Amino acid sequence: MSTAKAKGGKGTPATIAAAKAGVDFTLHAYEVDPNAESYGEAAADALGVPHDRLFKTLLAEVDGTLTVGVVPVSSTLDLKALAAAAGGKKARMADPRDAERATGYVVGGISPLGQRRRLPTVIDASVSGLATVYVSAGRRGLQIELVPADLVRLTGARVGAIARG
């Protein structure tokens with residue numbers, strides 16, 4: 001089990017939340033490519049992790065409510081499916097500033113864990129078939145690896161088919 005301390009720091013809200021919950025996790029640091037087109041794909045490539053095991057955290061507005069969608073970096077978020085899974089009718093991507101304000105994280109480092117306030121969260125169903133998954137640990141250049149059941153429990157998420165591609 002890792003501690004909540006990230007390399008050279010006191011930890012992030014995500015790692016602190018996981019440690020406080022007694023969850024086993026592993027932190028993986030990597031060099032951030034400032035020119036990368038996709039933070040998630042660049043992270044997966046830097047860590048040598050298959051793109052279907054590293055999940056990105058995206059924020060959308062479902063019927064006006066900020067909602068978190070967590071999908072593999074190998075796919076895109078299906079907004080209609082997210083709306084349906086969240087019990088809504090219509091979804092659109094959230095303004096990045098609203099996402100940062102609500103979560104307390106910067107775009108490219110938004111974690112589904114330890115957000116400033118708990119938002120409705122839906123994790124893609126593909127998570128269920130994996131032994132462990134990687135999600136942002138709350139800053140660019142740091143991923144947290146944990147068991148999918150712990151990710152679902154810590155976020156209070158629903159699991160649904162919200163990815164396409």
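Predicted model: local features only at pLDDT ≥ 70, side-chain atom pairs only at ≥ 80, totals over all residues.
A residue is called buried here when its relative accessible area is under 20%, and exposed when that value is over 50%.

**Exercise 1.** Determine which residues of helix α4 (residues 96-103) are buried, and where they lie around the axis.

*Solution.* Step one is to apply the cut-off, which gives Ala 99, Ala 102 and Thr 103 as the buried residues of α4. Step two is to look at their directions: they cover an arc of only 85° around the axis, and therefore sit on the same side of α4. Step three turns to the face directed away from the buried side, where the exposed residues Arg 97 and Arg 101 are found. Step four asks what covers the buried residues, and the cover includes β2 (55-62) and β3 (65-72).

**Exercise 2.** Describe what is found at the start of α4 and what follows the helix.

*Solution.* At the start, a side-chain oxygen of Asp 95 comes to within 2.7 Å of the backbone nitrogen of Arg 97. After the helix comes Gly 104, with a positive phi near 85°.

**Exercise 3.** Carry out the analysis of buried residues for helix α1 (residues 13-20).

*Solution.* The buried residues of α1 are Ala 14, Thr 15 and Ala 18. Viewed down the axis, these buried residues fall within an arc of 95°, so they line one face of α1. Their cover includes β1 (26-29), β7 (133-139), β8 (142-146) and α5 (148-155). Finally, α1 is followed by Gly 22, whose positive phi is near 75°.

How values were computed. Residues numbered from 1 in each chain as written. Heavy atoms only, no water. Buried < 20%, exposed > 50% of the residue type's maximum accessible area, 1.4 Å probe, protein only. Helix = DSSP H or I, 4+ residues; strand = E, 2+ residues; numbered from the N terminus. Arc of directions from axis to C-beta. Contact = heavy atoms within 4.5 Å. Polar contact = N/O pair within 3.5 Å; in protein donor to acceptor, adjacent residues only side chain to side chain.
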